[in-house]
Amino acid sequence: MGILSLLILLPLVVGAVMLLVPGKWASSFKYLALGTAAAQVVLSLFAYAGFNEKVAGTGVNGYQFVEQASWIRLDLGAAGRLSIDYFIGVDGISILFLVLSAIVFFVAALASWEITKNLKGYFVLFMLLDAAIFGVFTALDFFLFYLFYELMLLPVYFLIGMWGGVRREYAAIKFFLYTLFGSVFMLLVILGLYFSVQDPVTGDHTFNMLHAMDPANYTAGSLFSPGSGQLLFGIPARLLAFIVVFIAFAIKVPVVPLHTWLPDAHVEAPTPVSIILAGLLLKVGGYGIIRVAYSIFPEAALQSSWWVGLIGVVSILYGALNALAQRDLKRLIAYSSVSHMGFVLLGIASVTVEGISGAILQMISHGILSVMLFFLAGVLYTRVHDREIANFRGLSLILPRYTAFVLIAFFASLGLPGFSAFIGEAFSLIGAFKSASENALLPRWMAVCGSVGILLSAAYFLWTLQRMFFGQTRLMGGDAWRDRLTDLDLRERSALVPLAALAIVLGIFPHLAFDKLNASVLNLVNHLIP
Amino acid sequence: MESLAEIFRNPAVLALIAAGLPLLTFLELTLFGKRATGTAAALSYSWLSFLVAVYVFFSVWNTGDIHYQVNWFTIGSVSFKAGMLLNNLSVLMQLLVSLIALLVHCYSAAYMKNDPNLRRYWAYLGLFCFAMMTLVIADNLLLVYFAWELVGVSSYLLIGFWTTREAAAQAAKKAFIVNRIGDIGFLTAILILYTQFHTLDLDHLFGGRHLFAGSVITGGQWITSVGQLPAVWLTVAGAGLLLGAMAKSAQFPLHIWLPDAMEGPTPVSSLIHAATMVAAGVFLLVRVFPVFTPVVLEAMAVIGGLTAFFAATCALVQYDLKRILAWSTVSQLGLMILAVGTGARAQAIFHLATHAFFKCLLFLCAGAVIHAVQHQIHQDGGDRDPQDIRNMGGLLKKMPVTGAWMILAAAALTGLPLTSGFFSKDGILIAVFAWSANGSSLGLLLPFLAFTSSLMTAFYSARLIFSVFFGEEQVSAAGVRDPEPLMRWPMIVLGLCTLYPVFLGLLPAGASWVLDVTEKAGVADHPDLYWIPYALTIANVLVIAAAWQLYVKRRAHAAPALRPAGLFLLEGWRLNAVYHSLVISPVMQLSRVTVFVDRVVLDGFVHFAAASGLVAARLSGWFDRVVIDGLVEFTATGSRSIGNFARKFQSGRIQHYLIFALGALLLCLILSYFT
């Protein structure tokens, strides 16, 4: 069994074990979850170290640790043979997301200490989610991808709906419906692709994503064949398919105006679920846009890039303005996510090496930093069950360590050079600006407008710092709160220190990410603009 | 393969070490241990850093550029390198920064010794010195931007050092956010230059490879060896860099953060907000000078001239000792920017260097005065403001050393003969007059602004000195005395550096070795304009005499209320209010609009969709229940009724069956009869 299968199966097995052992042992499940996540960190680092960035190739040759096994074969008579593969592998892009996923789950497991009720159910769902996310980032067969993709949805729904805050059911339903709305239509596109793409060896229809990326594998005259120019509802079929798939992933990212599930989901979700949501689920959106929407429908993507870029810029500014007006710390962080993910879209839309590399680094960086931010918000909430910014003042006096980490997380998030977010944002913007000269996809003003986002992010983060942490200590809950507001303990620090270190390391040595990325991103850009 | 010894003999590596030593202070004090105050570590690293910088200076000065770089990262196929670019400008700046940093460190060791958070103070100061010294030697714009922002953060941390003070927290936030406006300009310039040249290496752009000089503008297009853009973007790039410099060097209208930044500890004001960080903007402009088009240069000159004038008017009426100096700094930086705008880069750097010393000294003296007065007020149990010059007076007798050195520094600021300021400021004035005489569309506007702001400088400097050190004591000053030696000797060293001989060169009058900073001894001399120093000196003396009349003889501060014009100046032309109504309120308004859109419009749509779904579900439920179930039930009840009806016939009695049979027979007969 390959290392990728191991990464996916490990949490499934652990989850099954949890399901089978008696509920009275559930109090030790958190250690089991933490151990599993730690093992995944080690495994993913092995994969990262073992990933040879010098091997560059197109098609399946661009992927490493590939495992392919036939899974479902069904003879449908005249309609051909249904073939679904267990087909996984990673390129320079997904290998980074694997490491990120492992780290985020490790931190989420540490944050799960705050969960007190129905531990068995919680940790089983947690493990299921873990497996699904590793599956999404490695799957190369569309059917498998979709399976994992939908499998993510289910645990998140229950994790928010059962372990969340006061309005948890509203938030869970909202999240579920938004995401389902996107993915149902995507399923239709997947089926359409299946009937359009043929395996070049066997001649069967296939769900193989890599085959779908190669125009040569399309049956002439089929619905999604690049040459056939078929229309659906008066729109070219491939353009429509791109839009549908893009919307499905854009809801996950999320982009304005499909983002309103995010603040509610974050505010109601328990800390570990917020962490996974911001750290990984949003990244699935960005990853999907690159891997599926852009790679499979390149010409439709180029045609739409102006709009994608615009959505990016709007998200950056709109998210930041919204964050400026929030009164709840977690909502503020949620809107800052919308703003920061806007850079991802802008970078991808530029279809330049700088832009796409920047976008991916921005996702990794946001994965690290949003996890840190939500973890920090959770620290405050578990102590006093309040997150209203105006209810705290002068926290730096009573929580010096906590303040230090908040300072790091805030400054890193506002794009301070030396932290990973700066490299991500700067190169997304460089790509967006360069695009006009290189491929004429995005106008230059988009990059300039996008850079205003870094001003607004400084404004909302520093304003929050000033209001909550500086000045004389004054708490809404008075002395009762002051007693409960103890500084970070060992568990919390061991979650925060690696995140802070990672943000700095990637900010100063971005080659740790770029070296893995370069070949794949160059391939991707050549694929999109031959 | 270079041996280790060779690497360490490389001045570029040594310059990096000089910059890196203060970072050790930061790392050591933040990451390890909790006990010691860190004073020993901070001072020793600062000393070492200074000594290395001295060595680097003497091994590089006038020997030509040294460029040393290593691979940093590769993105796609473009490799980014990081390294050090040493030339006269950068080693001079590094020496200046490390010397002033060292002096301020020593001063702080006494000034801050009772602060409970001293450790944090040293750490932040170390971070600042690292950032500033990296900024001046960085060899590419990305690295410069790194250091540029890091300087901003350390400034943020130090302005807000006394975290419990609300005003300090506000001022820190303001400083960072205003600087971010400039950063957007800087970043935009980086985007443009990278797109055009595929590199951000300063040496490649402006030095050895002449990439920049090789670019041409033809037919409205700006063409380089690897790129092409509409020519307007060249102007935008220059304007972006100018915007960056305006924010960092506190130029109108982005100067508003600097007076507020005085909330930080006084040694910090001295090092960061007078001598070094605020000069980074001027330094940047000189370093990337070829980028600027004539339009941008003219704008730069106008902004610099306006700032010099405007800030000087504000300094005239301030009462807060530190605020007078802050406005004065803004004004002097304006002069430097004006000089760069007129092309007089060497004079700008010369003034930057001399200003660093005398302004730093002014702040250190001010710190000593405030320290002493505060102590006195504390003892007397009053609640007077220890920074208000109206509460001072006649302190020269009590603090003769501080007084003497502050008078010396003020003389340098005014530009009196024999002080360094005399030559550096007159150098700028001569350059501005010469530039204007060469035909400028602005006529004599800029020379006028520069000349009048110099006169105002003389006035506010004199007003400050006379109010603080002369006349009658305003509060009992029994306990006021000169500071302890650790604070005193940095002042003395700085005082010596405000004398002209330090900057004297072997060249003809009006020249200084510092002028070698851009081109070797190539600064144009204008003997025909030598009347300017004479005229200015005479005018200055008259102005000082007038100030003596006003502030020593009459104590004009005692006037009950300032006239409206004075208040207007006191509040810095009320620009804060303008910003509030033109920028901050609209942005907050806009952010509330976006919240409305989110909560009402977008969520409204989602809720509407959800509600419509529910209505549709109810409708189909109703349809199910009433129509479909109705039909089903109708069928069921119908058949049941029929069944029930039919069951009645199954009575089991033979008589009934016979009657039915008979009836049926009859019915058949009747039917057949009629058909």
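**Close-up views of a predicted model**

**View 1. A nonpolar surface patch involving helix α6 of chain A.** A:F181 sits in helix α6 of chain A. The model shown is predicted. A:F181 belongs to a nonpolar surface patch of about 760 Å². Two helices of chain A, α6 (168–196) and α8 (237–252), each give the patch at least two residues. Helix α6(A) has the largest share, with 7 residues.

View 2. The side chains of A:D264 and A:K174 form a salt bridge, 2.7 Å from N to O. Over all chains, the count of salt bridges is 22.

**View 3. Helices α14 and α15 of chain B in contact.** Helix α14 spans residues 321–341 of chain B, and helix α15 spans residues 345–380 of chain B. Their axes come within 11 Å and cross at roughly 180°. That angle is over 145 degrees, so α14(B) is roughly antiparallel to α15(B).

**View 4. Residues at the α14(B)–α15(B) contact.** From α14(B), the contact residues include B:L321, B:L325, B:Q332, B:L335, B:M336 and B:V340. Facing them in α15(B) are residues including B:L352, B:H355, B:L362, B:F363, B:V369 and B:I370. By class, the contact has 14 nonpolar, 5 polar and 2 charged residues.

Terms used. Residues are numbered from 1 along each chain as its sequence is written. Chains are lettered from A and ligands numbered from 1 in the order in which they are written. This is a predicted model: local features need pLDDT of at least 70, side-chain atom pairs count only at pLDDT 80 or more; totals for chains, interfaces and linings use all residues. Side-chain values use heavy atoms; hydrogens and water are left out. Axes are lines fitted to C-alpha atoms, for helices over the stretch in contact, and angles run from 0 to 180 degrees between N-to-C directions. Helices (H or I, at least four residues) and strands (E, at least two) are DSSP runs, numbered from the N terminus. Angles under 35 degrees count as roughly parallel, over 145 as roughly antiparallel, 65 to 115 as roughly perpendicular and the rest as oblique. Contact means heavy atoms within 4.5 Å. Ala, Val, Leu, Ile, Met, Phe, Trp, Tyr, Cys and Pro count as nonpolar, Asp, Glu, Lys and Arg as charged, and the others, Gly among them, as polar. Patches are made of residues with over 30% relative accessible area and no salt bridge: like charges are joined within 9 Å, nonpolar side chains (Val, Leu, Ile, Met, Phe, Trp, Tyr) within 5 Å. Accessible areas come from the Shrake-Rupley method with a 1.4 Å probe; for residues, only the protein chains shown count as cover. A salt bridge is a side-chain nitrogen of Lys or Arg within 4 Å of a carboxyl oxygen of Asp or Glu.
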